[in-house]
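The stops below are meant to be selected in order.

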Amino acid sequence: MHLVRKKWFILFESGGLLSRTGDRVTYFYDEALSFGNFEEAQRYLASNENRVSCTGIRPSLTEAA
């Protein structure tokens, strides 16, 4: 049995994801900023709200394998 570890991403209403640099939108999971758990992603989003909101698109958190 092989366990798949899920990751959390910051998803925008446009369908894009926050890039690893934290200041762009990407549509590729391998280029997106990822987190190991929900709490870590939530803390990042809360502490970097101004930086994330500069994209002009409302962010939310999503989980993917």
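The model on screen is a predicted one.

Next, keep α1, which spans residues 38-47, and select A41, Y44 and L45, the buried residues of this helix. Why do they lie on the same side of α1? They cover an arc of only 95° around the axis, and that places them on one side together.

Now go to the start of α1 and show N37 with E39. A side-chain oxygen of N37 comes to within 3.3 Å of the backbone nitrogen of E39.

The aromatic rings come next. The count of aromatic pairs is 3. For one of them, select W8 and F38: the arrangement is edge-to-face, with 5.0 Å centre to centre and 65° between the planes. W8 belongs to strand β1 (residues 7-12) and F38 to helix α1, so this pair ties together parts that are 30 residues apart in sequence. Are these two residues buried or partly exposed? W8 is buried, its relative accessible area being 17%, whereas F38 is partly exposed at 31%.

For the last stop, select F35 and Y44. Their ring centres are 5.3 Å apart and the planes stand at 45°, so this pair counts as tilted. Both F35 and Y44 are buried. Y44 was already selected above, among the buried residues of α1.

Note on methods: Residues are numbered from 1 along each chain as its sequence is written. This is a predicted model: local features need pLDDT of at least 70, side-chain atom pairs count only at pLDDT 80 or more; totals for chains, interfaces and linings use all residues. Side-chain values use heavy atoms; hydrogens and water are left out. Buried means under 20% relative accessible area, exposed over 50%, partly exposed in between (1.4 Å probe, protein chains only). Helices (H or I, at least four residues) and strands (E, at least two) are DSSP runs, numbered from the N terminus. The arc is that of the directions from the helix axis to the C-beta atoms. A polar contact is a pair of N or O atoms within 3.5 Å; within protein, one must be able to donate a hydrogen and the other to accept it, and residues adjacent in sequence count only if both atoms are side-chain atoms. Rings of Phe, Tyr and Trp (its six-membered ring) pair if their centres lie within 6.5 Å; planes under 30 degrees apart count as stacked, over 60 as edge-to-face and the rest as tilted.
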